[in-house]
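Biologist: I've got a structure open and I'd like to learn how to read its side-chain contacts. Could you walk me through it?

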Amino acid sequence: MKYSISLFVIFLLGTTVFSQSETEVYLFDLETADGKIQLANPKNISNNKGYDNQPSFLDDRTVLFSSTRASQTDVLQFNIEDGSSKKWLTDTATGSEYSPLKIPGKNAISAIRLDLDGLQRLYSYSLKNGKSKVLLEGLKVGYHLWYDKNTIVCTVLKENQMDLVVANLEDGSTHTMQKNVGRSLHKIPNSNLVSYISKEDERWQIKSLDPLSGSTQKIFNTYGNTEDMCWLKDGTLLAGADKAIVMVDPDKDEWWQQLMFFPQEEIHGISRIAVNSTGTRLVFVAEASPRAIVQQQLDAYNNRDIEGFLSTYSDDVELFNHPNKPIGKGKTKMREMYEGFFANTPDLNCEIKNRIVLGNRVIDEEFLTINGQNYSAVAIYEVKNGKIAKVTFIQ
């Protein structure tokens, strides 16, 4: 099979074998002194190759999060003070668990289970014997929050959006409170209200909900279209903003301000932020750095691993020849371009001569060997939400 030089240049892309974005969970001490908020003693508590996400606090000394092992996702418990020990809480052969939370008043947790057959439901899991049971039949729950031991505020997947639903476990009733909402659900300190993110308008808003009466009220605009936020005890809101944590007091401030910026390359795309009940510890999720993601795709390329290669790209990835000539879009197109090439090219290697990282862009000077022939090119990768979203090739 013969390929043009331009297609050979396209083959300089690369990838790794994760169907989900590679992410890590970071833990900090949260300190407040003289009215100033500080984050100290950072620690990567997942330190796992693959998907680690959706952290919450079981108690002030224990973090729960979803973590990848053996090609599935289970709930992992991290003990902060007990020698930083870890313990797996679920091991479901037929599915994976996400978004673990402590169930009020019970020695149990709840989590979203995604079964191998595609069924997605909310389950409870006993911390004593690991037994599980379905909590909400018939609802495809995306994210959830325990309002009390009998009331769950959750987002339910409806076509291409999520709707806000209040479910009563005692009488089995469910009530849709608003359509098109985000994934961030939190109790508002010193109140009987819950916060959520409304996506009804182009400008997203943080709103409050009274789960009993159904009344809602605007609190503040989100920082950009930020999905994740949490509350401190004094009513301050924190949110992730790429490589920074931003904050706002909705009762006092006119707009968000930066709390902390992380210059470290490995902290990128901050999301899924949570604080413990005493306000002394904070966790958040960060995506792998753009450098790491591009290197992963390069490793998969050199291994001629088509599934791993494709998994590092967004579903609607765009490919261009410089300056802006389109040459392909989407994973289906990429599979057409690469699958046969990988299968019929036993002598394949890409070597990086120079690499520059500028924000979410990685610029690689690449030297390619294909069945004894050598080619040189420059590729510019743009990474968004933990995936390669755009590649521009300079021949």
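Predicted model: local features only at pLDDT ≥ 70, side-chain atom pairs only at ≥ 80, totals over all residues.

Biologist: How many salt bridges does the structure hold?

Modeller: The structure holds 19 salt bridges. One of them joins Asp74 and Arg69, with the closest N and O atoms 2.7 Å apart. Asp74 is at 0% relative accessibility, so Asp74 counts as buried, while Arg69, at 24%, counts as partly exposed. There's also a network of salt bridges that links Asp29, Glu81 and Arg281.

Biologist: How do I read a pair of aromatic rings?

Modeller: You describe a pair of aromatic rings by the distance of the centres and the angle of the planes. Here the count comes to 17 aromatic pairs. Take Phe220 and Trp255: the ring centres are 6.0 Å apart and the planes are at 25°, so the pair is stacked. The cut-off behind that call is planes under 30 degrees apart. Phe220 lies in strand 18 and Trp255 in the loop between strand 21 and strand 22, so the pair ties together parts 35 residues apart in sequence.

Biologist: And where do charges sit over rings?

Modeller: The charged end of Arg113 sits over the ring of Tyr123, 3.7 Å from its centre. Likewise, Lys390 has its charged end over the ring of Phe320, 5.1 Å from the centre.

Biologist: What should I check in helix 4?

Modeller: Try its span. With 13 residues at 1.5 Å a residue, helix 4 should span 18 Å, and its end C-alpha atoms are 17 Å apart, which agrees. Helix 4 also bends by about 25° at Met337.

Biologist: Which residues in helix 4 are buried?

Modeller: Met334, Met337, Tyr338, Phe341 and Phe342. Ring pairs link Tyr338, Phe341 and Phe342 into a cluster with Tyr301, Phe309 and Tyr313. Arg335 meets Glu307 in a salt bridge, at 3.0 Å from N to O. Arg335 lies in helix 4 and Glu307 in helix 3, so that pair ties together parts 28 residues apart in sequence.

Key. Residues numbered from 1 in each chain as written. Heavy atoms only, no water. Phe/Tyr/Trp six-rings, centres within 6.5 Å; stacked < 30°, edge-to-face > 60°. Helix = DSSP H or I, 4+ residues; strand = E, 2+ residues; numbered from the N terminus. Lys NZ or Arg CZ within 6 Å of the ring centre and 35° of its normal. Expected span 1.5 Å × (residues − 1). Bend = angle between axes of the 7 residues up to and from the residue. Buried < 20%, exposed > 50% of the residue type's maximum accessible area, 1.4 Å probe, protein only. Salt bridge = Lys/Arg side-chain N within 4 Å of Asp/Glu carboxyl O.
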